[in-house]
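Visitor: I'm new here and I'd like a close look at just one part, please.

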Amino acid sequence: HLTVSYIGYETQKLVLQVSANKTQTIQLQPSGLGLKGADITAQAEKRNVQSTEMGVQRLDMKDVKKIPALLGEVDVVRTIQLLPGVTTVGEGATGFNVRGGNIDQNLILLDDAPIYSSSHLFGFFSIFNPDAVKETKLMKGGIPANYGGRLSSVLDVRQKDGNNKKFAASGGIGSITSRLTLEGPIVKDKASFLLSGRRSYADLFFPLAPAKSGLRGTIFNFYDLNAKLNIILSEKDRLFFSAYKGQDNFKLADFVEFNWGNTTSTLRWNHVYNSRLFCNTSLIYSKYDYLLGTDFFKWTSAINNTHLKHDYTLSLNNKNTLSFGVQGTYYNLDPGKVTDNKFGPDQALQRKYGYEHAVYINNEQKVNSRLSLNYGLRASGFATVGRRFEGQYSNPNLPTDDTRIRQDTIPKGDLVSYYGGLEPRFSATYLLTDVSSIKLGYNRMKQYIHLVSNTTAAVPTDIYTITDRYIKPTNADQLALGYFQNFENNLY
């Protein structure tokens, strides 16, 4: 006998005959009695004490919107900078630093797609439109084996799925930006969409400035476009497609032009094999590019990558949950190209190509009522391949023009260098009481892509490079030990 109830809806009572695994959808009808809305949270109050997670912060957008915001603009990254261990270099710098790491050592994901520049307006705002974001999770330690490629942290941002019941619209007009979000069903209960846009508009007032101010013809704005489709193919299959496009534009009359932006798209198929096993298969594209132009030249740079992920989750029993999978990434870097060069012929740094791949396995185990473990192993590798010129040096530890003895041509697809290794992960929680615990965590991370910056504060014109014969991968070992306790009925 099953009773299904929810505030504001008619209660249903069902009699079920269960002789095998089955799935049954139960839809409730609204009741005529109107009550004040109730907030339902899915996170247990003692989760921070009882789970094996260390250094993990979950941010609900409802809570983020309650925090005082700069110029009234709610911002995910600025909220993260209020958390322990997270800092910023300063205004005018992009990104954030976690526990002493550099900004390129943070893996920032938007629906599984990596983001290489998370800021608008030289660091004053982030690229994440709060109206399109569902949840945010920052992992500073105890990072599971399914994440890799960066040393310091993982920022996992998920977009809203869209309302598959009814059409809804929301928006706002702020002092810096205006935004509009539309969501609703394409086919009710089967397919839904989300469209969200945001734009700053201070530059719209520049034409009104006095002629002597020099502001006429100036452009200084940014925009974000978010889109997502959520399609239920069957009881066991669901398809998601999400996309993002963001751009900053700066032009000072006819003297200098500067723009940069991110483009991402994710196609994910979720399949349920049975009540214990399901998988996610994702095809992901990500691009970051910028342009710096003057009367004399134009400088462009870009990083493109394509990802393929195939992940499984298997519930072995009520004490063990196993996750495993394979991941691959193809990198295509265009470090820099100078065109319309008034000082001489057009020039370009050579492109760089590489493949990053990994396999992983991770198990979450509840040993007994007090002890819980989370342990796994990730094996990763990176292959740098040709089409490129590779210098040979008399002193490989000092590869400069003075020590170069010759330059070889590496054909397309030929191996230039290869690095790899194991990345163990482990965390444990021992409950002392219902509201207190001791936690231990260890993880090793490897990073094969690096940011090249000529200033202490990273700016959008910095370029990325990949590991090769003379640039080694970086490694980090992190050990964490903590005591956790809640007070006043889990209020503190």
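Visitor: How do the residues lining the largest cavity divide into nonpolar, polar and charged?

Guide: Seven are nonpolar, eight are polar and five are charged. (Ala, Val, Leu, Ile, Met, Phe, Trp, Tyr, Cys and Pro count as nonpolar, Asp, Glu, Lys and Arg as charged, and the others, Gly among them, as polar.) Before going on, bear in mind that this is a predicted model, where local features need pLDDT of at least 70 and side-chain atom pairs pLDDT 80 or more, while totals for chains, interfaces and linings use all residues. Residues are numbered from 1 along each chain as its sequence is written, and side-chain values use heavy atoms, with hydrogens and water left out.

Now, the cavity itself. Searching the whole structure turns up five cavities of 30 Å³ or more (a cavity being a set of points on a 1 Å grid over the protein atoms alone where a 1.4 Å probe fits but cannot get out). The largest has a volume of about 290 Å³, meaning the space filled by probe spheres set on its points, which are joined across faces, edges and corners.

Around it sit 20 lining residues, each with an atom within 4 Å of a point. To find its centre, look for Leu-107, Gly-148, His-307, Gln-327 and Thr-329, the lining residues that lie nearest to it. Strands β6 (106–110), β19 (298–317), β20 (320–339) and β22 (352–366) each give two or more residues to that lining, and β20 gives the most, with four. They belong to a chain with three helices and 30 strands (DSSP runs numbered from the N terminus: H or I of at least four residues for helices, E of at least two for strands). For scale, the chain's C-alpha trace spans about 80 × 60 × 45 Å along its principal axes.

Conventions: On a 1 Å grid over the protein atoms alone, a cavity is a set of points where a 1.4 Å probe fits but cannot get out, and a pocket is an open set with protein on both sides within 12 Å along at least five of seven lines; lining residues have an atom within 4 Å of a point.
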